[in-house]
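This report looks at annotated positions, charged pairs and nonpolar packing in turn. Please keep the sequence and the model open while reading.

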Amino acid sequence: MKKWKQFAAFFLSCAVLVGLDQWTKALAVDHLMGQPPLVLIKGVFELTYLENRGAAFGMLQGRQAFFFLIAAVVVAAALFAVCRMPQEKKYVPLYLSVVGIVSGAVGNLIDRVAQGYVVDFFYFRLINFPVFNVADCYVTVSAAALILLFLFYYRDSDLEPFSLRRKKGDSH
């Protein structure tokens, strides 16, 4: 696959995932806002509307500039990774993980910029887990996948294309 096709697929994949995230948040606004929680499994899982002005667990309330900076760094790092990523089958899991992290970061950034808060609606009552959304799922699953990939799948030599260090004799 040519590099431009790899970038086109990256942006298209991110756009689809961000669109899905935004659609589910719109559904939450339309059907859950101002309503009692929708219990799917009593005492275990429910859908409830929450406007989150911070990060996970309510940390960093009102720090929109900080969240924008983090999202910008994540997107820049992802673009760097996609630019340097070899076009081999072995890197598809890494590529998909990067797509998930960027999609989640951008999905929540859209909410923060447009509304000043992120719409959350999934709630695991059984363990009293913080309320979260689809973008949070993208980031969490993709970050976990990256950790597993780096620990058990990729070797140091597989990650050399991403190194910022120049090799001896490399003039460019």
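## A charged pair between strand and loop

Arg-125 is partly exposed, with a relative accessible area of 41%, where partly exposed covers the range between buried (under 20% relative accessible area) and exposed (over 50%), computed with a 1.4 Å probe on protein chains only. The side chain of Arg-125 meets that of Glu-46 in a salt bridge at 3.1 Å, N to O, a term that stands for a side-chain nitrogen of Lys or Arg within 4 Å of a carboxyl oxygen of Asp or Glu. This pair links distant parts of the chain, for Glu-46 is in strand E2 (residues 45-52) and Arg-125 is in the loop between E3 and H4, 79 residues apart. Glu-46, with a relative accessible area of 5%, is buried.

The model is predicted, so local features need pLDDT of at least 70 and side-chain atom pairs count only at pLDDT 80 or more, while totals for chains, interfaces and linings use all residues. Residues are numbered from 1 along each chain as its sequence is written, and side-chain values use heavy atoms, with hydrogens and water left out. Helices (H or I, at least four residues) and strands (E, at least two) are DSSP runs numbered from the N terminus.

## The buried charge network

The structure holds five salt bridges, and those that share partners join Asp-21, Lys-25 and Asp-111 into one network.

The side chains of Asp-111 and Lys-25 form a salt bridge at 3.2 Å, N to O. Here the link runs between distant parts of the chain, from Asp-111 in helix H3 (residues 92-115) to Lys-25 in helix H1, 86 residues apart, and both residues are buried.

## The annotated aspartates

In an unreviewed entry, UniProt lists Asp-120 and Asp-136 under "active site"; such positions are given in the numbering used here, feature names are shortened, and annotations may be inferred rather than shown by experiment. The two span 17 residues in sequence, yet no two of their C-alpha atoms are more than 8.9 Å apart, so they gather at one spot.

Asp-120 has its place in strand E3 (residues 118-124) and is buried, at 1% relative accessibility. Its contacts (heavy atoms within 4.5 Å) include Thr-48, Tyr-49, Phe-132 and Asp-136, not counting residues up to four places away in sequence.

## Nonpolar packing

A nonpolar core is a set of buried Ala, Val, Leu, Ile, Met, Phe, Trp, Tyr and Cys residues joined through side-chain atoms within 4.5 Å. The largest has 17 residues, and Phe-10 and Leu-94 are those with the most contacts inside it. Two or more residues come from each of H1, helix H2 (64-84), H3 and H4, with H3 giving the most, six residues.

Apart from its neighbours within four places in sequence, Leu-94 is in contact with Met-85, Leu-146, Leu-149, Phe-150, Tyr-154 and Phe-162. A second, separate core of twelve residues includes Ala-28, Phe-45, Phe-132 and Tyr-138.
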